[in-house]
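User: Could you walk me through some charged pairs in this protein? I'm new to reading structures.

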Amino acid sequence: MAAEESRAPPAPPLYSRGGSQSAPPAARRRTAPPGGARPHRAPRAPPPPLRAPSPPPPAAMGVLPVPAGVRAILLDVEGTTTPIAFVQETLFPYVRDNLRDYLRAHWEEEECQRDVGLLRKQAQEDAGLDGAVPIPLESGSGDEELERVIQAVVDNVLWQMALDRKTTALKQLQGHMWRAAYTTGHVKGEVFEDVVPAIRKWREAGMKVYIYSSGSVEAQKLLFGYSTEAL
């Protein structure tokens with residue numbers, strides 16, 4: 001009887017992927033835990049909280065870039081050196097609220113008479129405009145007539161202000177009224193806090209600073225001369 005031929009054990013099946021045949025690497029083999037439980041995974045760390053970008057540092061007060069060769073700076077008042085609200089909510093209301101009393105108190109003064117004369121001349125030029133108020137001359141017949149003339153001046157000024165007119169006669173009277181308000185402390189001028197440092201820097205650099213405004217020159221001087229920020 002022939003001896004039995006020894007046979008090698010059968011080769012394990014080949015692992016196939018994409019047409020190539022190779023044994024699966026041991027590192028990729030996963031062994032299921034006992035009882036069918038899923039393998040434990042360490043929880044992922046939460047992502048770091050988002051941080052808002054840091055705001056840029058505030059610009060240095062009064063340090064504004066000026067092109068080389070500039071020799072003068074021209075500034076407006078409303079919204080540039082001074083809040084618009086100060087003009088609209090302080091200066092103009094002061095004139096409307098105190099006009100009659102101001103005229104009565106200063107009527108006999110030469111300055112007030114010049115103001116009224118300019119307003120009367122402007123009223124004559126405006127005679128053809130809708131709503132224009134003429135200002136009659138005085139005959140010196142008494143207090144009743146004087147009150148009628150003052151009332152006409154008041155009506156004329158309020159009419160011009162309602163139309164936001166820029167006549168010299170109106171601006172001159174307003175400037176004189178604001179002078180009384182500033183000097184008595186009833187009104188304090190307002191300028192933005194960076195205005196004074198900027199003007200000083202420009203002056204130190206040899207530049208001249210000018211103000212452009214539809215108001216009178218005196219009104220501009222009063223605004224800055226009696227302001228919250230001294231120049």
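Analyst: D126 and R165 form a salt bridge, with their closest N and O atoms 2.5 Å apart; the term stands for a side-chain nitrogen of Lys or Arg within 4 Å of a carboxyl oxygen of Asp or Glu. This is a predicted model, where local features need pLDDT of at least 70, side-chain atom pairs count only at pLDDT 80 or more, and totals for chains, interfaces and linings use all residues. Residues are numbered from 1 along each chain as its sequence is written, and side-chain values use heavy atoms, leaving out hydrogens and water.

User: Are D126 and R165 buried or exposed?

Analyst: Both D126 and R165 are buried, where buried means under 20% relative accessible area, exposed over 50%, and partly exposed in between (1.4 Å probe, protein chains only).

User: How many salt bridges does the structure hold?

Analyst: The structure holds seven salt bridges, and one of them joins the side chains of E147 and R104 at 3.0 Å, N to O.

User: Where do E147 and R104 lie?

Analyst: E147 lies in helix α3 (residues 143-162) and R104 in helix α1, so this pair ties together parts that are 43 residues apart in sequence; helices (H or I, at least four residues) and strands (E, at least two) are DSSP runs, numbered from the N terminus. E147 is partly exposed, with a relative accessible area of 31%, and R104 is also partly exposed, at 43%.

User: Which residues are linked in a network of salt bridges?

Analyst: That network links E111, R179 and E218, and within it the closest N and O atoms of E218 and R179 are 3.1 Å apart.
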